[in-house]
Amino acid sequence: MTSPLLHVEGLKKYFPIKGGILNRTVAEVQAVDEVNFDVARGETLGIVGESGCGKSTTARLLMQLIAPDAGALVFDGMEVGRKDGISVHDMRKRMQMVFQDSYSSLNPRLPIEASIAFGPIVHGASQKDARARARDLLAKVGLNPNQFVRRYPHELSGGQRQRVNIARALALEPEVLILDEAVSALDKSVEAQVLNLLTDLKAEFNLTFVFISHDLNVVRYVSDRVLVMYLGKVVEIGDVDAIYDTPRHPYTRALLSAMPSMDPEKRTTEPPLTGDPPNPVNPPSGCRFRTRCPFAEAVCAEQEPQLRDAATSAAQSVACHMAGASSGHSISSEKGLPE
Amino acid sequence: MFAYIARRILYVVPIALGVTIIIFGLVHIAPGDPLNAVVPPDAPKETVELLIVAYGFDKPIPVQYFLWLTRAMEGDFGISFATGRPVASAIAGGVVNTLILATGAILIGMTFGCLLGAIAGYFQGSWIDKLATGFAIAGVSVPHYWLGLVLVIIFSVELNALPAMGMGPGGSKDWAWDAAHMRHLVLPVITLSVIPIGIITRSVRATVAEILTMEFVQTLEAKGLKSSRIFLHVVANAAPTVLAVSGLQIGYLLGGSILVETVFSWPGTGFLLNDAIFRRDIPLLQGVILVLAMFFVFMNLLVDILQSLIDPRMARG
Amino acid sequence: MSDKPTTLSADATDTIDNTQVAAKSRSYWSTVADSISRDPVTLAFASILALIVLSAIFADVIAPADPYKTNMIKRLKPIGTEGYILGADELGRDMLSRLLYGGRLSLMMGISPVALALVLGGILGLVAGFLGGKVNMAIMRTIDVFYAFPSVLLAIAISGALGAGVTNAIISLTIVFIPPIARVTESVTTQIRNLDYVEAARASGANAFTIIRVHILSNVAGPVFIYSTSLISVSIILASGLSFLGLGTEPPKPEWGLMLNTLRQSIYVSPWVAALPGVMIFLTSLSFNMMSDGLRSAMDIKL
């Protein structure tokens, strides 16, 4: 792999919880903890996980909408926020985001044209150019500019609003688009249309996607590689086919087995995940998944498994003691999980 | 929840301190030398010098504040230069008389406010609702000092049925539970109760209307409960709101009674304030306002604590 | 807020060619104007208010007499006396003229504190809400202290210390209204600051000033303005109340509260003339309240 467009190292964000008589910080939610990954130019990286696992926090950290507690973000070889790197302002021009809630992500008092033109104007475009660009983009996302430029968000349907949000994100001609559950709130039929639109736009503008979703089917459909998160940690990352066909982490397996499938061949008899994920305020020691893992042993509580290349393929990394030789786990084998 | 209550009690300390700072500051926003504010203009020279030392006017402002605060905490608000007597003794009598007025008004306010509000909320959109809300808006829009005057015109001047001034016969300044004193109480209490009636009606109506749309009420209806029984459920759920609003209104009434007391020459704190303003008697002004503001602060505290006990959801705020 | 999405077309028909209606797009404000025009009660009170304000402004044109001209023979003439339609006051001055002129000071003393507090409290609340953190703490805790006073008491305390006078009354009432306005502004700003469209604006690289100007102000202004209009009613009552206590304007200036005070001594002679200034205060305060309520429901604002 050539040098990645986006390189994330040691990303960490804990949210304080205030309480007690003096309203001091009594605990911290470990939303994102020591997350590392790369995104190559032109690919789509899917991020999956249960709600509350830190997917959205990761997205906001990437956009620098919230400040990380630790970690570095390297964009196109330049570290973000460093003197000798790239400024947050310049980075945001090249990386944009589409939010989940299509309604609250548009200013209700502005006609959609103004919402789309806002970014270019901030970055120095003239009113006239920005408006022309807004009309252009509306057409690109499949909304007739003549009908829609003067409309307000409440006059649009959910799917139309999300198209506007995509147009707004594209207005700065970014190279990376972060899609945070961007299609999750839409009806299935509309979701498919918007997904197709995204695929077309990606090809047309040479975009790189970070696609966050809890929907495994959608992620499989759009992604080149997939990252699985559990309680603020990366548990597995790899090529989409490797992850879906030969998942190495018991959590990934459980997620996939819970996935509805039309193909009777693919129906597994494996037990689905039971219970809720543990409280991220006080995550389990060692491997965070061990409290729900059918294969948990003493070593899982003692040592935190590190993300390492799965033996079967260099395009897949997994954070599980069973995947590493001599980790101390009884099932530990070169092949990882028993079939 | 107990953490919430403890936190809420602790929070009163900075607020109360802030209140004393503002009240202390009143002397310094008064035009002219602050000395003029606490020393009568005709005081002999020795007295003036004595007071300068006593009030610490020769010391820096933070020290002055500290001196004033420690004295105020001991109940010493200085000497009224209108009467030459300690301010504290005058305030004590006034507070009791104002409390009589405020208590009467809040009782009437709660009774009629809950009644009107509940009916209006239950029969939302009906003519009776419109009447009640109209009355409520009028209640909060009426200048109550004028309403007092109108009541005096009707019941004292035109009908000659009720006394227009004072708390009792012969300019009585001490309350007694007799017919003569009660007759004096009627008009000022009615006047003062109009605002709490308006405000309580409004919030009870909104609360009842909101509760009626909730699913548990529809479940009760589906179970075939009589509407009178459902009404009871609704009342129970509206209680915390009513309590909160009423509690705050007592505090407002204490402060707001000054205008009504002026109209009726009622010898309460409002009357004292009026006196203090008229004679530019700043120690008396400070003393009365300090007592009333502290009462309001503790009323707020009490309401919050009671509310968190009745409705545990509040404690999570 | 009017955050109820009124979907014009079902998502299922959300096809690329968007064949649905090209109905004329309506901005938020034209919807509000439409809704008010269909509310007769609000319109009625708005007309009354307009009448009061206009008659105060044009008092020198429409008043039948000089509001300062005394006439000892006509003292306390009842309502309906020839040449004195609304009677005469304790110095024989024409009541109607004094009521018309009185509106000038009463309205000015009632409205300007709210207007000033809207600017000052609005800025405080906006800064506290947008910046959050320690700045928010400092501003909001200070405001809590002022909140610990009942409004009437605070007004009287400051006015009493400053001394009588129109300017002093306006200053004290402004201080009374800054805390509630700042609180409402802060809470609305905090809500809006956390919405995705503000995040999106930040993501597009805009600075704080631009975000406040384009995205926050336009959404905060409505609710805060409506809330402020509901305070005018209280302000009118308090301003006249201060004059009633002798803390506002001084005689012989016509002002409703002061007129009520001086006529109070005469209720046994001419009771209903004495009540007239209060009618004006009541009518004005009621009209402001009704208008504010009407605007609020038209703008679909819940505070």
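Strands E7 (residues 176-180) and E8 (residues 208-212) of chain A run parallel and are joined by five bridges; strands count as paired if DSSP finds at least two bridges between them. Please keep in mind that this is a predicted model, in which local features need pLDDT of at least 70, side-chain atom pairs count only at pLDDT 80 or more, and totals for chains, interfaces and linings use all residues. Residues are numbered from 1 along each chain as its sequence is written, while chains are lettered from A and ligands numbered from 1 in the order in which they are written.

**Strand E7 of chain A**
- A:Asp180 stands opposite A:Ile212 in E8(A).
- From E7(A) the chain crosses through helix H7 (residues 188-205) to E8(A), in a right-handed β-α-β crossover (clockwise from the first strand over the helix to the second, with the strands pointing away from the viewer).
- E7(A) also pairs with strand E6 (residues 95-98) of chain A, in the parallel sense over four bridges, and A:Met97 has A:Ile178 as its bridge partner.
- Five of the five residues of E7(A) are buried, so the strand is largely enclosed by the rest of the structure (buried means 20 or more other C-beta atoms within 10 Å of the residue's own, with C-beta atoms placed from the backbone).
- A:Val176, A:Ile178 and A:Asp180 point one way, and A:Leu177 and A:Leu179 the other.

**Helix H11 of chain B**
- Eight of the 11 residues of H11(B) (residues 269-279) are buried, so this helix is largely enclosed too.
- Among the buried residues are B:Phe271, B:Leu272 and B:Ile277.
- B:Arg280, with a positive phi near 50°, follows H11(B).

Terms used. Buried ≥ 20, exposed ≤ 12 C-beta atoms within 10 Å, placed from the backbone. Helix = DSSP H or I, 4+ residues; strand = E, 2+ residues; numbered from the N terminus.
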